[in-house]
Amino acid sequence: YAADARGTAPVMALGGMIGAAGMLVFATAEAMPGLLVGATLVGASVGSTELLLPLLIAERVGPREQATAVAGMSAVWGIRGLIVPLVVIWPVGLGIADVRGMLLACSAAMGLGALLYLGLADAEPVEFIRSNESVRAP
């Protein structure tokens, strides 16, 4: 309902902020209840992304280009899924950073990512951009 009323991108930004808050709680938790709260918030954030991503694509990408958008996004997220764990764990393994510090860095990155969704709220849909003569390359 919120995505219908406000648009998909702002609701995804809220979900991302919930995830960043969850990661922050997870990073600073001293006991199991804090870990459970953090994990619950991160899980809700992931769920919001999984549910809203198809809506965002349908809202922002023309029907003929939706499959291409999904394939490109999946490729980028797959590569990110391979690289980010290594980037996070190497400093811990080398003794440069501790787990808490890297979780705090992840929380900051999640917050910045959520802000990117807010930028989509005012962005033009792909079909409009492609059909607008003033933005076409010569």
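User: Which residues make up the largest nonpolar core?

Analyst: This is a predicted model. In soluble globular proteins, nonpolar side chains tend to be buried together. Here the largest nonpolar core has ten residues: A9, V11, M12, A13, L52, L53, L56, I57, V61 and Y117. Helices α2 and α3 are the elements that give two or more residues to this core.

User: What does L53, one of the core residues, touch beyond its neighbours in sequence?

Analyst: Leaving out residues up to four places away in sequence, L53 touches M12, M73 and W77. M12 belongs to the core as well, and W77 will come up again with the pocket, where it is among the residues nearest the centre.

User: How many helices and strands does the protein have?

Analyst: There are six helices and zero strands, so the pattern along the sequence reads α-α-α-α-α-α. Of the contacts with a separation of 6 or more, 67% join residues 24 or more positions apart.

User: How do I read burial: is S45 buried or exposed?

Analyst: The general idea is to compare the relative accessible area with a cut-off, and buried means under 20%. S45, in helix α3, has a relative accessible area of 5% and is therefore buried. Its contacts, not counting residues up to four places away in sequence, are G15, G16, I18 and G19. Across the protein, buried residues make up 25% of the 138 residues.

User: Where is L55, and how accessible is it?

Analyst: L55 also lies in helix α3, which spans residues 32-60. Its relative accessible area is 43%, so L55 is partly exposed. L55 and T8 are 47 residues apart in sequence, while their C-alpha atoms are 6.7 Å apart in space.

User: What is the C-alpha separation of A69 and I57?

Analyst: The C-alpha atoms of A69 and I57 are separated by 7.4 Å, and the two residues are twelve apart along the chain. A69 sits in helix α4 and counts as partly exposed at 24% relative accessibility. I57 is a member of the largest nonpolar core.

User: How many salt bridges are there, and which side chains meet?

Analyst: To read one, look for a side-chain nitrogen of Lys or Arg within 4 Å of a carboxyl oxygen of Asp or Glu. The count comes to one salt bridge. In that salt bridge the side chains of R100 and E30 meet, at 3.5 Å from N to O. R100 lies in helix α5 and E30 in the loop between α2 and α3, so the pair ties together parts 70 residues apart in sequence. R100 is partly exposed, with a relative accessible area of 34%, whereas E30 counts as exposed at 69%.

User: What volume does the largest pocket have, and which residues lie nearest its centre?

Analyst: A pocket can be read by its volume, its lining and the helices that supply the lining. The largest pocket has a volume of about 840 Å³. Its lining holds 21 residues, with W77, R80, A109, M110 and G113 nearest the centre.

User: Which helices supply that lining, and which one gives the most?

Analyst: Helices α2 (8-28), α3, α4 (66-93) and α5 (99-120) each supply at least two residues of the lining. The most come from α5, with eight residues.

User: How do the lining residues divide by type?

Analyst: The lining of the largest pocket divides into 14 nonpolar, five polar and two charged residues.

Key
Residues numbered from 1 in each chain as written. Predicted model: local features only at pLDDT ≥ 70, side-chain atom pairs only at ≥ 80, totals over all residues. Heavy atoms only, no water. Helix = DSSP H or I, 4+ residues; strand = E, 2+ residues; numbered from the N terminus. Buried < 20%, exposed > 50% of the residue type's maximum accessible area, 1.4 Å probe, protein only. 1 Å grid on protein atoms, 1.4 Å probe; cavity = no way out; pocket = protein on both sides within 12 Å on 5 of 7 lines; lining within 4 Å. Points joined across faces, edges and corners; volume = space filled by probe spheres on them. Nonpolar A, V, L, I, M, F, W, Y, C, P; charged D, E, K, R; others polar. Core = buried A, V, L, I, M, F, W, Y, C linked by side-chain atoms within 4.5 Å. Contact = heavy atoms within 4.5 Å.
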